[in-house]
Amino acid sequence: MEEEDSSGGAEALQLSVDRSSPVPLYFQLSQQLEAAIEQGRLAPGSLLGNEIELAGRLGLSRPTVRQAISSLVDKGLLVRRRGVGTQVVHSQVKRPLELSSLYDDLEAAGQRPATQVLRNTTELATAQVAAALGISEGAEVVLIERLRLAHGEPMAHLRNHLPVGLLKLDSAELEDTGLYRLMRAAGITLHSARQAVGARAATAEEGEQLGEPEGAPLLTMERTTYDDTGRAVEFGSHTYRASRYAFEFQLLVRP
């Protein structure tokens, strides 16, 4: 087992390779770097140094280090910058499909979530919103529109509709925490949800909001959430940067 400090100008980071393992050395290195990025130990903008420096620190060949870095460059986690070296771009958030908020998931993953409230208002329910919330089309509903960021970089555009009078939503509180936390604090017991996941190309406006070019792939999610009485308490329509975000599924075989 060999272990070296490979901070390369970033926060000190311990990496190790096990030469007795059947797992290829490049893969061992790439997995450890990826874990450090996802856990926030290597923040966006951190420098790893160049391949020669990394190889020297770990006692590995330069082609081995190059292969490890290339695999993370291909995943969009690292970028090679001429005259600078290898730099962390970001980590991709892998979110399990469960009844949780994006804010809580980002916080649990060490992603330092932040929120910009774009709109906190009321409007008349469209047919889609009315059907989701079980109200009449044209009835008044609350609209919360937010931009969710991680490490200061946009991750998702969130639109949530709620029944009027369900709870008071202060914009300052929405920028400090997640919607589901505020709902639970107001005594609302979230019980279940119906959700659909899809994908489409970004419009020019969406690209500008999320820091992606027009036409870039976006993940979409629509969710209707119910409380423990079966009442629909929220309808969400969200878009996520596919380059930064993925949904994870656990599939079980029916007996």
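Trainee: Which residues lie nearest the centre of the largest pocket?
Mentor: H157, R159, R200, E206 and T239, out of 14 lining residues. A pocket here is an open set of points on a 1 Å grid over the protein atoms alone, where a 1.4 Å probe fits, with protein on both sides within 12 Å along at least five of seven lines; lining residues have an atom within 4 Å of a point. Keep in mind that this is a predicted model: local features need pLDDT of at least 70, side-chain atom pairs count only at pLDDT 80 or more, and totals for chains, interfaces and linings use all residues. Residues are numbered from 1 along each chain as its sequence is written, and side-chain values use heavy atoms, with hydrogens and water left out.

Trainee: Which elements give two or more residues to that lining?
Mentor: β9 (153-163), α8 (204-210), β11 (217-227) and β12 (232-241). Helices (H or I, at least four residues) and strands (E, at least two) are DSSP runs, numbered from the N terminus.

Trainee: What volume does the largest pocket have?
Mentor: About 220 Å³, taken as the space filled by probe spheres set on the points.

Trainee: Switching to β8. Which strands pair with it?
Mentor: β7 (residues 113-124) runs antiparallel to β8, joined by 11 bridges. β9 also pairs with β8 in the antiparallel sense, over 10 bridges. Pairing takes at least two DSSP bridges between two strands.

Trainee: And where does H151 come in?
Mentor: In the hairpin of β8 and β9, with 2 residues between the strands. H151 has a positive phi near 55 degrees.

Trainee: How many residues of β8 are buried?
Mentor: 10 of the 11 in residues 140-150, so β8 is largely enclosed by the rest of the structure. Buried means under 20% relative accessible area, exposed over 50%, partly exposed in between (1.4 Å probe, protein chains only).

Trainee: What about E145, buried or exposed?
Mentor: Buried, at a relative accessible area of 10%. E145 sits in β8, and its bridge partner in β9 is R159. R159 is also among the residues nearest the pocket centre.

Trainee: Which side chains does E145 make polar contacts with?
Mentor: R119, at 2.8 Å, and H157, at 2.7 Å. A polar contact is a pair of N or O atoms within 3.5 Å; within protein, one must be able to donate a hydrogen and the other to accept it, and residues adjacent in sequence count only if both atoms are side-chain atoms.
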